[in-house]
Amino acid sequence: MKLFLNECGIVCALGDSHQEIKRRLYAGESGIAPTDAWSPGRELPLGRVLGELPDAAALPLGQRSRNNRLALAALAQIRPAVDAAVARYGADRVGIVIGTSTSGIAETEAALRAHFAGAALPADFHYAQQEMGSPASMLAHELGTTGPAYAHSSACASGAKAMASAARLIRMGLCDAVVTGGVDTLCGFTVAGFSALESVSATRCNPLSANRAGINIGEGAALFLMTREPAAVALCGWGEASDGHHMSAPDPAGSGARLAIAEALGRAGIDAAQIDYINLHGTATIQNDAMESRVVHDLFGPAVPVSSTKGFTGHALGAAAALEAALIWLAMQIDNPEGLLPPQLWDGVPDPALPVLNVAAPGARLGRPLNWALSNSFAFGGSNATLILGRTQ
């Protein structure tokens, strides 16, 4: 059974429309910019969403957060199709599965700052704003759906795992349509946390480079309407595995990553030679890039085009996998007959300790439509997920 990604809504540091995001992506124009908004006194390059977001005043107090406003912004792009699916299948046959890792933590940070300064907790604060399930319950409330609604929170693999879970809901016959993807918002908690791990770069991230020095954190939302109804792009394969190696460091041998990739290829019914492009997890940390480049080289060889797009959007954590799937979805549409590929922004200085990969530069293209793409997401705790998207039209 093919599961089709009928519609895609995406909001990230590159913009809030398909046209703007594609223009900046293919032109090699990063959305990352320096700011000290989440690290007072220390400017860091972050992938911020700068556009105006929908008002959340009509939502229940416990659902009012910037994270949910980002989700509403992505939903707005696909709302007519989602409403039509609800009308067609019934509210109980439409599910919501969302990946996130921050939810409304930023609202809790602001409330606690006020409280520690001697004031009462703000009247517009409710502890439910930070619940991980908030984006899913908010979307179900907004859309009036009564099917399964829940969130995945498995760090950087959250969005991919949410999409895999959405596919399972349809395959099991529990849903006819699912709104799925990921959303995450910048907040002091994640900026400080990754800084404490010495994983944050003071300059734009530099995947695979000998000079790489860590990640740039970002924010964004990408939502798909997934059904059995034919569309240009399908989620053809997914794989999930855990290497259980360390709380934050990947298994250097990439055992879990290899299992996730193999499972995704098997489910898609294709072999590694058919993959046209790989979107790397590509965090620009020393250990992730070392592990992933070796796994990709071993399984796919040095010729397949690869890129990490985190130099455009920042690492959006729980939303990262969904955002990267959305960039692939855009590249597979009919308006890209030359197969322009999502490129990588870096200094072009390869790490000699890593195997050579075919890194896609701005302007790189296949000369034909992009038919098969693989996207990796490797999270803390060894939570690994791989998605395979296929062009069907």
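**Salt bridges and a helix**

User: What is the relative accessible area of Arg 66?
Analyst: Arg 66 counts as partly exposed; that class lies between buried (under 20% relative accessible area) and exposed (over 50%), using a 1.4 Å probe and protein chains only. Do bear in mind that this is a predicted model, where local features need pLDDT of at least 70, side-chain atom pairs count only at pLDDT 80 or more, and totals for chains, interfaces and linings use all residues. Residues are numbered from 1 along each chain as its sequence is written, and side-chain values use heavy atoms, leaving out hydrogens and water. For Arg 66, the relative accessible area is 22%.

User: Which residue does Arg 66 meet in a salt bridge?
Analyst: A salt bridge here is a side-chain nitrogen of Lys or Arg within 4 Å of a carboxyl oxygen of Asp or Glu. The partner of Arg 66 sits 2.6 Å away, N to O, and is buried, with a relative accessible area of 0%. That residue is Glu 219.

User: How many residues apart are Lys 22 and Asp 335?
Analyst: These two form a salt bridge, with their closest N and O atoms 2.5 Å apart. Lys 22 belongs to helix 1 (residues 18-27), while Asp 335 is in the loop between helix 10 (320-331) and strand 11 (358-359). Helices (H or I, at least four residues) and strands (E, at least two) are DSSP runs numbered from the N terminus. The pair links distant parts of the chain, and the separation is 313 residues.

User: Which strand holds the salt-bridge partner of Lys 161?
Analyst: Lys 161 pairs with Glu 240, the closest N and O atoms being 3.0 Å apart. Lys 161 is in helix 5 (residues 158-171), 79 residues from Glu 240, which lies in strand 8.

User: How many salt bridges does a search of the whole structure find?
Analyst: Some are joined together: Glu 20, Arg 23, Arg 24 and Glu 29 are linked in a network. Over the whole structure, the number of salt bridges is 18.

User: How many residues of helix 10 are buried?
Analyst: The buried ones include Glu 324 and Trp 329. Helix 10 is largely enclosed by the rest of the structure, because the buried count, out of twelve, is twelve.
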